[in-house]
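Student: I have this one open on my screen and would like to talk it through. Could we start with the backbone and then move on to the strands and the contact between the chains?

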Amino acid sequence: MTQSPSEGEAAASAPEEAEVHPLQEFADRVAAAVGGDAEIQFDTVKVKVPADQWVDAHQTARDDLDLVFFSWLSAIDWANEVEAGDPLSEEVDERFEVMSALSDLTDGNLVVMSTDLDKEEASLATLTSVYAGANWHEREAYEMFGIDFAGHPQLEHLYLPDSFAGNPLLKSYPLLSREVKPWPGTVDVEAMPEKDEPTTENPES
Amino acid sequence: MTTLDADTVRHLSEAQVSVELQTEDMTLNIGPQHPSTHGVLRLVARVNGEQAYDVKPVIGYMHRGYEKLSEVRTYPQITTIVNRIDWVSGYANEVPFIVAAEKLMEIEVPERAQYIRLILTEMARISSHLVFNASYPLELGAATPLFFALRERERILDLLESVTGGRFHPNFNRIGGVKPAYGSGSTTRKQVQDLPAGFLAETRNAMDQVAIAVDELENLVAGNEIILARTKGIGILPPEVAAAYGVSGPNLRASGVPFDLRKTQDYLPYDKFDFDVITGENGDCWDRWYVRLAEIRESAKLVQQAIDSIPSGPLQAKVPKVIKVPKGETYVRAENPKGEMGYYLVSDGGSGPYRLKIRSASFSNISMLPWILEGALVPDIIAIMGSLDFVLGDVDR
């Protein structure tokens, strides 16, 4: 008798639990600690934080949530005008989305921290004081997107020569080799000459 | 010529040198070239006597702009690009990218294809670790291990070639499974939908041979006093520094952190097999060498277990002719021979990604060089850099 209600409860709550993503609890915990909104896509947990809390959020993630491993930092150029590649299917807010991935070194939980930046004033505080590894990743984002990382010890080009102008990963930056010769896509192979068209190589036909 | 008597010699040997040597700073430029050509890297160091300070790695000589290229390529075309990132283990680079695309498309990959991916990934790991075990002693002046290691690597590469058709750039993964393998003796497409005849048995034997060669390599290197002197206690990397810089893979495990993405992620069915995570104790060059040597044994074990239990079935799930990935974002990371390799894939529903962030292991691993080389002796720079096992294609992308 005493057991049956709890069994009934368990049976009733089981289908509900199955719908909850296994990472939901972890995502909520991170979002609550750093003060952001959690979103789960497949098994990637993304937490959106305001740009002015960027460094604090990482400090909290490292010290309180044990996310000690700095995996990467990069950005996405959300743009409606696209020079290389396909444009987006729907209109988006023009913005940079800066993302960093942090992991623990026990269970393999990973959080992608994300924040939005205005394209006109793309500036964010550096993470180098929290994670030393942010140094090169921020330099890469600086040269590829033109995002300024305030307080960075050495914000210089990483891959590209110092004299290189432009930020190659911007959607407004054309792929130069594609400008010269469209390839592959629709114009993959040159059109075959027509049968009855006289050719210089074989005048007899 | 004057000869010194025993007393004088003893007196001289006990004498204290109290003169401070006056040395000057000079800037030393190393490269642009890796001493053993793992790619092109340049180091600029301030050198005082034999010690180096303010070491600045200069990278980008191999930068091929893969992230930009990926935005103008279709998904099947990108597999050819990504297996050129870390060319020592080309096959392993394809897997996390393909898995990311499959995740967004919600494709269930047939089990047999997953097992084949696992077998080939582990073979790529063995091949990569064998290259390390060949080149690292060579960089320290021991030429013999190279022949033992490369002989075994050739065995692995021949087997990889028999399945994929490529030694370095297999381009063997397809979204939804793996390419139907050719070379099984038949030429019609219907009959060659599987691995070449005898491949599994031959690979099983090759793993036994590799295990023997690992013992030989250990005997050759582990007892060598010069190698011990040059690696023990040199280039110590504490785990907290490794984590902050994002140093992953064998370099992280050598520092005593038992973290292996094969145990925590589900990109391949590693949970069905039994293997150990090898860790070091001190995080020095010696441990990094040892971890990679011992991991070959674990990978060989994994391959044999997978061969013993490989299910039969199709190699490909049903996929549309033109691959279009539904709108969404995901990050998939995998334990590659060099460390954590991951792809952040942003799709807008098109036939190519809107953005593909490539997280390569060597990039983070060598971003830590200025820290670990601070105050190191010039000859130790070679020992430390060699022990980190990086490939510049994996750094520059």
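**Backbone, strands and contact**

Tutor: A:Phe42 counts as partly exposed because it has 17 C-beta neighbours inside 10 Å (buried means 20 or more other C-beta atoms within 10 Å of a residue's own, exposed means 12 or fewer, and partly exposed lies in between, with C-beta atoms placed from the backbone). This is a predicted model, in which local features need pLDDT of at least 70 and side-chain atom pairs count only at pLDDT 80 or more, while totals for chains, interfaces and linings use all residues. Residues are numbered from 1 along each chain as its sequence is written, and chains are lettered from A and ligands numbered from 1 in the order in which they are written.

Student: OK, and where is A:Phe42 placed?

Tutor: A:Phe42 sits in the loop between strand 1 (37–41) and strand 2 of chain A, where strands (E, at least two residues) and helices (H or I, at least four) are DSSP runs numbered from the N terminus. Its phi is positive, about 55 degrees, although A:Phe42 is not a glycine. Most residues other than glycine have a negative phi.

Student: What about B:Arg397, is that buried or exposed?

Tutor: B:Arg397 is buried, because 24 other C-beta atoms lie within 10 Å. B:Arg397 also has a positive phi, near 55 degrees, without being a glycine, and its place is in the segment after helix 16 (392–396) of chain B.

Student: Switching to strands, which ones pair with strand 5 of chain A?

Tutor: Strand 2 (residues 44–48) of chain A pairs with strand 5 of chain A in the parallel sense over four bridges, and two strands pair if DSSP finds at least two bridges between them. Strand 4 (residues 95–103) of chain A runs antiparallel to strand 5 of chain A, and eight bridges join them.

Student: Which residues of strand 5 face A:Val47 and A:Met99?

Tutor: A:Val47 stands opposite A:Met113, whereas A:Met99 has A:Ser114 as its bridge partner. Strand 5 (residues 110–117) of chain A is mostly covered, with six of its eight residues buried.

Student: And how many residues does each chain bring to the contact?

Tutor: Chain B brings 37 residues and chain A brings 33, with two residues in contact if their C-beta atoms, placed from the backbone, lie within 7 Å. On the side of chain B that touches chain A, strand 6 of chain B gives the most, with four residues.
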